[in-house]
Amino acid sequence: MFLVTGPELVTEACLAGLVGVLPRHNARTLEQFDGWLETIHSARKEALARSIKVGPLVVNVSAKLPAADLEDTLQLAAGYGVDTVISVGGGPREIVRVAHSKSMGVLHDVISLEFAKKAIGQGVDGLIAIGSGGGGHSGRLSHLTLIEKIRATFQGPLVMAGGISTGAGVRAAEVLGANYAYMGTRFIATTEANAPAEYKQMLVESTSEDLVYTPNITGVSANWLKPSLKRCGINIETLQRPGAGRFDHLPTDIRPWRDIWSGGQGIDLIEDIPDVAVLAARLVCEYQAACARREIQVPGAYLSLITTHAKD
């Protein structure tokens, strides 16, 4: 998550047994990124020495990263035992080439079936399918269609993302055919997230009715928090769509992500700002409860009616 994810959040996620994802673009320099990787690696190593099960570390890299920086970033990550890269923000071909040369796998963010086909054609090992309702740059297609449609032709690792805030959502991802579930917004509202306290509280107090899906902030459609727009003095109804890479249509010194905040529809299920360890334990309990639910008993007459309509 841009600007929000730092070494504290990723470390605690890994120590809780989750997959921790560290964005390269959140570090200002390669040296800072190196320091973050060292911090996380040391914490994971210490936990493993005490026989504590830890989650893997994954690095998130933008396809817009210059070639030399990409090479240095993945070489550095590989040195810390990172074996999986998430590519975002463009075609993944070059990231795939460099990552595969270092025996690293690549998962690529996609928001549509078209983008999924293109990414598969460029050699990615897995896909992160972001359905409608996700925070940030999410898609328009329901997970009910997106996941099943991709799985029908792609047997590699598949991650469902967008609008997931509970363990039941993780279980739903499995039922649809995904191997993993990806949460973003839910973890912004945690103690360790590098987000302003006002942002975290806004996620607790807002609902999905407080979101607006628009391209008029960054030029690419994303879900933004209406209270955040109001806070920045922005009327989304009259805001003009920006030019490529430009933000001069916004009020002076206002920038997306830093000042204008995003969230997914999963905010309807966010009610507190816990430590990551507490949230992870809760997710496990919710997941186990979802797995243990008995099948709904449908009355015989109603079941017959459904079967009849299905045959018509």
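Q: What does "buried" mean here, and what are exposed and partly exposed?

A: Buried means under 20% relative accessible area, exposed means over 50%, and partly exposed lies in between, using a 1.4 Å probe and protein chains only. This is a predicted model, where local features need pLDDT of at least 70, side-chain atom pairs count only at pLDDT 80 or more, and totals for chains, interfaces and linings use all residues. Residues are numbered from 1 along each chain as its sequence is written, and side-chain values use heavy atoms, with hydrogens and water left out.

Q: Is Thr-73 buried or exposed?

A: Thr-73 counts as buried because its relative accessible area is 0%. You'll find Thr-73 in helix α3, residues 67–79. Helices here are DSSP runs of H or I with at least four residues, strands are E runs of at least two, and both are numbered from the N terminus.

Q: Which residues does Thr-73 touch, leaving out those up to four places away in sequence?

A: Contact means heavy atoms within 4.5 Å. By that rule, Thr-73 touches Arg-24, Leu-30, Phe-33, Val-61 and Leu-65.

Q: How do I read the sheet, and what is the order of its strands?

A: Two strands pair if DSSP finds at least two bridges between them. Here seven strands make an open, parallel sheet, in the order β1-β2-β3-β4-β5-β6-β7. β1 (20–23) and β7 (180–182) are the edge strands, each pairing on one side only. Four bridges link β1 to β2 (residues 57–62), and Pro-23 sits opposite Asn-60 in β2.

Q: At what angle does helix α1 run to β1?

A: Axes are lines fitted to C-alpha atoms, for helices over the stretch in contact, and angles run from 0 to 180 degrees between N-to-C directions. Helix α1 (residues 7–15) lies across β1 and β2, at about 160° to β1.
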